[in-house]
Amino acid sequence: MTKNSIFTVIIIAMFAVTSCDSGPQTKKAPGLYDWCGNVKYKSPYDSQTTEKNLKNQMIGLAADWYQNAQFYHIWVKAFADSDGDGCGDLKGITQKLTYIKDTVGCDAIWLSPIFDCDSKSIQPQDNMHGYDIVNYYDVNPCFGTMDDVEELLREAHKVGIKVIFDFVPNHTSSKNQWFIDSSKRMNKKENWYLWNKEQLPWNPMGSKYTWHKSKIRSQDAQPFYYGAFWSGMPDLNFRNYEVREEMKNVIRFWLNKGFDGIRVDAVRYLIETQNAVKDTKETHQYFAEMREVVDKYSEFGYPKFMVCEAWIENNRAEMDEYFGTDKAPEFHMVFDFDAGKSIYNALNSGTTSAFIDELKISSGKVYGSFLNNHDNYQKRPASEFSDVQRQQLSAAALLLRPQIPFIYFGNEYGQKNHAVSGDMQYRYAPDWAEIEKQAKDDNSLLAYHKMLISVRNQYPALKTGDFSVVQSVSENNSIAAYMLEKEGERLLCIFNFSDKNYTTVTLNADNLPTENALCKKIMGSDGASASLNNGKVTLSELPAYEVQLYAITL
């Protein structure tokens with residue numbers, strides 16, 4: 001028995017007692033909190049993890065490959081249009097693989113949802129977000145075909161790029177056939193969603209309106225269904241064994257085709273209880289089951305990984321629960337929603353306390369970090385900071401840290417928010433003419449991103465080094481400094497988050513060597529240098545909004 005199978009055994013036992021499809025012995029329909037479903041259920045698209053089912057797999061990946069990756073986050077509709085219809089597509093991404101790998105420097109891609117969805121439109125101003133999924137086993141026709149998906153995976157793997165897909169388990173579109181059947185109590189789907197006789201005061205994200213009346217079931221004993229996000233995206237019922245198995249099968253279906261991992265959306269809201277409507281024990285148990293599905297691929301030599309969106313800020317303990325435990329691991333990586341805000345805070349305030357505190361508490365865990373993304377989290381760097389210096393420093397603060405960076409498409413050349421409100425301001429096409437111009441300029445923001453990633457690849461301590469704070473003796477608290485150490489490699493990172501030029505800065509900390517050492521400059525202005533004597537580092541020059549990086553050798 002595998003390490004997580006205990007949860008499956010317990011849950012199947014529950015189903016055996018309360019199964020809604022268990023035959024004549026069933027006395028009544030299951031209630032809202034009852035476990036149900038046929039434990040022998042198999043998906044019509046049954047996809048097992050067997051050697052013969054595996055296609056387009058990337059060969060030679062290390063088990064922890066994701067810890068050494070730099071991800072490029074693509075909003076598919078906006079990124080690259082191959083056929084001139086005004087809508088980004090999969091072929092467009094395939095055509096830009098050289099740009100992603102060679103010009104930006106990233107070696108992994110996260111795709112926004114590519115499944116067939118309800119609110120389809122190729123018009124740039126329309127928000128085809130893709131999280132309202134109509135069919136998990138089909139491709140959004142605006143983006144292309146299944147053949148286009150497989151071509152993208154083959155070509156990406158040829159050049160060493162890994163690809164992960166956006167997986168949305170919490171809810172579907174109300175146009176999904178599963179929900180239509182559930183509404184009509186057809187095809188044994190009546191309990192695939194959450195139905196109730198009355199509206200309940202569930203508000204996991206603060207909305208008053210999470211229970212919605214079905215027109216089809218308006219005269220039914222259970223006319224209300226739960227949709228935490230809105231009426232057009234009803235929540236699936238993960239107390240139903242069939243739903244649990246179907247969603248595992250979705251993962252296998254796409255990983256079998258060659259995807260290298262999954263980003264899981266809205267993980268906090270999967271299973272509600274009488275006492276809580278988010279972050280429940282039952283939710284965590286399901287993700288432990290999901291982890292088993294993903295880990296199975298390592299047995300064939302194709303390690304996959306899971307990263308989750310648990311949008312939690314300023315509560316590290318709560319966020320860290322999604323790593324699971326040693327006995328029941330859940331996600332390999334968790335998105336860090338504090339990182340980007342701490343970087344912006346330092347650049348806007350000129351103080352480093354929040355930046356350093358965030359680095360302290362994130363040290364030693366596998367976090368994915370980002371400056372902004374497809375949601376209304378915070379502005380693109382070029383819209384937050386009018387000057388290129390601070391845009392560069394924000395990129396350095398993201399990339400020169402032991403976390404896994406996710407660069408949102410367009411940030412690498414300075415794309416700004418579009419002049420609209422809400423999430424759509426982050427979901428418009430990049431300016432490819434400007435990108436081509438910057439690609440020819442060694443001093444451009446685009447070139448700076450590539451340089452940072454090159455440095456990151458050259459020094460392993462920047463990816464997975466042990467972190468420790470180096471305090472500044474400067475009167476100004478705008479300077480942040482820290483050490484990263486890995487297998488004898490010592491790196492000293494120094495950030496000046498202020499608009500002040502310093503001629504001399506002294507750094508002093510217990511973790512600096514007491515003997516004299518050589519400080520080899522890796523990054524920094526031409527006139528800058530550093531010396532280490534008696535446990536103190538003296539910088540000869542630290543200009544405004546600059547990062548300096550030194551390798552320390554005894």
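Reader: Which residues touch the most other members of the largest nonpolar core?

Author: A nonpolar core is a set of buried Ala, Val, Leu, Ile, Met, Phe, Trp, Tyr and Cys residues joined through side-chain atoms within 4.5 Å. Buried means under 20% relative accessible area, exposed over 50%, and partly exposed in between, with a 1.4 Å probe and protein chains only. In the largest core, which has 125 residues, Phe355 and Phe495 touch the most other members. Helix α7 (residues 241–256) gives the most to this core, with eight residues. Helices (H or I, at least four residues) and strands (E, at least two) are DSSP runs, numbered from the N terminus.

This is a predicted model: local features need pLDDT of at least 70, side-chain atom pairs count only at pLDDT 80 or more, and totals for chains, interfaces and linings use all residues. Residues are numbered from 1 along each chain as its sequence is written, and side-chain values use heavy atoms, with hydrogens and water left out.

Reader: What does phenylalanine 355 touch?

Author: Contact means heavy atoms within 4.5 Å. Not counting residues up to four places away in sequence, the contacts of phenylalanine 355 include Ala346, Ala397, Tyr482 and Phe495. A second, separate core of 21 residues includes Leu492 and Leu532.

Reader: What is the order of the strands in the open sheet of eight strands?

Author: Strands of a sheet pair through backbone hydrogen bonds, either parallel or antiparallel. Two strands count as a pair if DSSP finds at least two bridges between them. Here the order is β18-β21-β16-β15-β14-β17-β20-β19, with antiparallel pairing. The edge strands, β18 (518–523) and β19 (530–533), each pair on one side only.

Reader: How many bridges join β14 to β15?

Author: Five bridges join β14 (residues 466–472) to β15 (residues 479–486). Valine 470 stands opposite alanine 481 in β15.

Reader: Which strands does helix α13 lie across?

Author: Axes are lines fitted to C-alpha atoms, for helices over the stretch in contact, and angles run from 0 to 180 degrees between N-to-C directions. Helix α13 (residues 388–399) lies across β16 (489–496) and β21 (547–553), at about 150 degrees to β16. Helix α15 (residues 445–458) also packs on the sheet, where it touches β18 and β21.

Reader: Is asparagine 373 buried or exposed?

Author: Asparagine 373 is buried, because its relative accessible area is 5%. This residue sits in the loop between β12 (367–369) and α12 (381–384). Asparagine 373 touches His73, Phe337, Tyr408 and Tyr426, not counting residues up to four places away in sequence.
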